[in-house]
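Trainee: I have a structure open on my screen and would like to go through it with you. Could we take it one question at a time?

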Amino acid sequence: MIRRLALIVLCLCPLALIAQIDDVPVARAIPAKSIVYFDSESRAVSGTAINPAVVQTMIDDLVTTVARKPTPAAAWATFVTPKDIVGIKIAASPGVQGGTHLEVVRAVARGLQAAGVPPDHIIVWDRNREDLLSAGYSE
């Protein structure tokens, strides 16, 4: 009799837990208030070749639009100061063609330098050193 009672109690315990879980408030989605900026330029890539000048123009246009400043240097200066150490997190694991293109990182770094950030205060990083190297980044 005791074994049956224990078995019944053990079988009913998960039901009690489920009932308690239903009482837990659930976060509800709220409308997003973010603005997404993007640029698209067919001349940026031709086959597997990246056009650095076009990429630079795209990055400059985006940052001046976001910051609402007339020049890239002024725009970047709204986000960073010369004393800042800036980390640029990239996606290197997809490789040279699928990850963050080196030309994009160079364009961002040039913008940061135009705002006064010294080159040794700009750190390009990803999770694995091997991924960085195989994606074309050097030490």
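Trainee: Which helix holds A73?
Mentor: Keep in mind as we go that this model is predicted. A73 has a relative accessible area of 29%, so this residue counts as partly exposed. The element in which A73 is found is helix 3.

Trainee: Is W76 buried or exposed?
Mentor: W76 is also in helix 3, which covers residues 72-77. The cut-off for buried is under 20% relative accessible area. W76 has 13% relative accessibility, so W76 counts as buried.

Trainee: Which residues is W76 in contact with, leaving aside its neighbours within four places in sequence?
Mentor: Helix 3 is where W76 sits, and the C-alpha atom of W76 is 9.8 Å from that of V66, ten residues away along the chain. Once neighbours within four places are left out, the contacts of W76 are I59, V63, V108, G111, L112 and A115.

Trainee: Why does Q56 count as buried?
Mentor: Q56 belongs to helix 2, residues 52-67. Beyond its neighbours within four places in sequence, Q56 is in contact with R106, A107 and R110. Buried means under 20% relative accessible area. Q56 counts as buried because its relative accessibility is 14%.

Trainee: Where does R68 lie?
Mentor: R68 has a phi near 60 degrees, a positive value in a residue other than glycine. R68 is exposed, with a relative accessible area of 73%. Its place is the loop between helix 2 and helix 3.

Trainee: How many salt bridges does the count come to?
Mentor: Side chains of opposite charge can pair when their charged atoms come close. The cut-off is a side-chain nitrogen of Lys or Arg within 4 Å of a carboxyl oxygen of Asp or Glu. By that rule, the number of salt bridges is two.

Trainee: What N to O distance goes with the salt bridge of E41 and R43?
Mentor: E41 is partly exposed at 29% relative accessible area. R43 is exposed, its relative accessible area being 54%. Their side chains meet in a salt bridge with an N to O distance of 3.1 Å.

Trainee: And how many residues apart in sequence are the parts that D126 and K89 tie together?
Mentor: D126 and K89 form a salt bridge, with their closest N and O atoms 2.6 Å apart. D126 lies in the loop between strand 4 (122-125) and helix 6, and K89 in strand 3 (residues 86-89), so the pair ties together parts whose separation in sequence is 37 residues.

Trainee: Which helix supplies the largest share of the lining of the largest pocket?
Mentor: The largest pocket holds about 330 Å³ of space. Its lining residues include L102, V105, R106, A109, R129 and L132. Helix 5 (102-114) and helix 6 (129-134) each supply at least two residues of that lining. The largest share, four residues, is from helix 5.

Trainee: Which residues make the nonpolar surface patch of about 380 Å²?
Mentor: Let's start from I35, in the loop between helix 1 (2-22) and strand 1 (45-46). I35 is exposed, with 61% relative accessible area. The residues that make the patch are I35, Y37, V66 and F79.

Trainee: To finish with the whole chain, how many helices and strands are there?
Mentor: Along the sequence, the pattern reads α-β-β-α-α-β-α-α-β-α. Of the 139 residues of the chain, 25% count as buried. The chain exposes about 10,300 Å², with 62% of that supplied by carbon and sulfur atoms. The tally is six helices and four strands.

Note on methods
Residues numbered from 1 in each chain as written. Predicted model: local features only at pLDDT ≥ 70, side-chain atom pairs only at ≥ 80, totals over all residues. Heavy atoms only, no water. Patch = residues over 30% accessible without salt bridge, like charges linked within 9 Å, V, L, I, M, F, W, Y side chains within 5 Å. Areas by Shrake-Rupley, 256 points an atom, 1.4 Å probe, with all protein chains shown as cover. Buried < 20%, exposed > 50% of the residue type's maximum accessible area, 1.4 Å probe, protein only. Contact = heavy atoms within 4.5 Å. 1 Å grid on protein atoms, 1.4 Å probe; cavity = no way out; pocket = protein on both sides within 12 Å on 5 of 7 lines; lining within 4 Å. Points joined across faces, edges and corners; volume = space filled by probe spheres on them.
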